[in-house]
Structure formats: structure tokens, C-alpha cells
Amino acid sequence: MKSYFIFAIFLTIAYIIYYVVIITQELYGKKKDGKPEEEVFNIDSDEEEEESISVTESDTGFNVGSEQYETEYHDSAANEEAPEPAPPEETAAMRLARMKAKAEERMEEAEPYLSDTYSAEDMYKAMVSGGHLENRPAMVWNPLKDKL
């Protein structure tokens with residue numbers, strides 16, 4: 001560790017000397033009178049200025065400057081008769097019934113177990129009574145605080 005501290009002290013002194021030299025050069029050194037940092041553009045007032053052209057719109061067309069343009073509007077939806085869509089061959093209810101029958105064919109018959117479910121009201125009563133409900137097995141409650 002001794003060599004590390006010697007290196008750290010030497011490096012700190014070198015940085016101090018470096019920054020003192022840089023600061024004194026900026027304060028007392030020659031000022032650079034070279035080219036300016038910004039770029040300068042010459043703007044000649046001899047060139048013609050561009051004039052804007054007015055554009056106006058009306059019901060029948062529009063005007064650009066002194067020229068007038070006519071436009072026509074065709075209501076294609078009113079002129080053409082829309083063909084009536086063909087009635088669907090299968091309604092959503094028929095599709096649902098077909099898919100349900102197909103799914104029931106693939107299902108297996110299963111014997112449910114652990115189907116003694118508790119409703120929200122039953123769970124509340126069980127929590128209040130400490131896990132004992134009438135005509136049901138006692139429930140064991142493990143508080144979460146014990147796990148943490």
C-alpha cells in the first residue's frame with residue numbers, strides 16, 4: 001500500500017502543477033487575434049426580393065395569383081349502385097355451436113376432486129372464526145409474517 005500512496009501523491013502534485021500552468025496561460029498569456037470563431041456571410045441587397053403569390057379557394061376551384069383553375073367534384077358513391085352483400089352462410093351462433101361440439105368431442109370425462117369451494121363470504125367467516133366453519137373441515141391459517 002505504501003507505493004500506492006506515493007503514486008497518488010505524485011499524481012496529485014502533477015495535476016496541480018498542470019492546472020496552475022493552464023490557468024496562468026489563459027489569464028496572462030497572449031490573446032489569439034486570429035480568425036474569429038464565427039462564420040460571416042455577406043448579404044447583398046442588390047438581389048431581387050421574392051414576392052409571395054396569393055392563393056385563394058372557392059366552391060368551383062382555386063386561384064393562384066391571377067390564374068384561375070376549375071375543379072369538378074364527382075360523387076361516385078351516389079352514381080354507382082352498391083351490390084348487396086351476400087347473406088352470411090354461417091352465423092356467429094352457428095359457428096360457436098359447431099366449435100363447442102368439436103371441443104366437447106375431444107374432451108375426456110374427468111372425476112372432479114377438491115371441489116369443495118369456498119365463496120368470498122365463506123372465506124371471510126373462516127378468517128373471523130379462526131378457520132372453523134360448521135359442517136366443513138378446519139382450515140389451517142399460516143400468517144405471512146411468519147414466512148417473512
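Colleague: Over residues 6-24, what are the helix and strand percentages, and how far apart are the end C-alpha atoms?

Modeller: Helices (H or I, at least four residues) and strands (E, at least two) are DSSP runs, numbered from the N terminus. Over residues 6-24 the chain is 100% helix and 0% strand, with the end C-alpha atoms 27 Å apart. This is a predicted model, in which local features need pLDDT of at least 70 and side-chain atom pairs count only at pLDDT 80 or more, while totals for chains, interfaces and linings use all residues. Residues are numbered from 1 along each chain as its sequence is written, and side-chain values use heavy atoms, with hydrogens and water left out.

Colleague: Which UniProt annotation covers residues 6-24?

Modeller: UniProt positions are given in the numbering used here, feature names are shortened, and annotations may be inferred rather than shown by experiment. According to the unreviewed UniProt entry, residues 6-24 carry the annotation "transmembrane region".

Colleague: How many helices and strands are there in the protein?

Modeller: The protein has 5 helices and 3 strands, and along the sequence they follow the pattern α-β-β-β-α-α-α-α.

Colleague: What share of the 148 residues is buried?

Modeller: Buried means under 20% relative accessible area, exposed over 50%, and partly exposed in between (1.4 Å probe, protein chains only). Of the 148 residues in the protein, 3% are buried. As for contacts (heavy atoms within 4.5 Å), 0% of those between residues at least 6 apart in sequence join residues at least 24 apart.

Colleague: Which residues make the nonpolar surface patch?

Modeller: Such a patch joins nonpolar side chains (Val, Leu, Ile, Met, Phe, Trp, Tyr) within 5 Å, from residues with over 30% relative accessible area and no salt bridge; like charges are joined within 9 Å. Here the patch of about 1400 Å² is made by Met1, Tyr4, Phe5, Phe7, Leu11, Tyr15, Tyr18, Tyr19, Ile23, Leu27 and Tyr28. Tyr28 lies in helix H1 (residues 2-28) and is exposed, at a relative accessible area of 71%.

Colleague: Where is the salt bridge, and how are its side chains placed?

Modeller: Side chains of opposite charge can pair when their charged atoms come close. The criterion is a side-chain nitrogen of Lys or Arg within 4 Å of a carboxyl oxygen of Asp or Glu. By this rule there is 1 salt bridge, in which the side chains of Lys125 and Glu121 meet at 3.3 Å, N to O. Lys125 and Glu121 are 4 residues apart in helix H4 (residues 120-128), so about one helical turn separates them. Lys125 is partly exposed, with a relative accessible area of 42%, whereas Glu121 is exposed at 51%.

Methods:
Areas by Shrake-Rupley, 256 points an atom, 1.4 Å probe, with all protein chains shown as cover.
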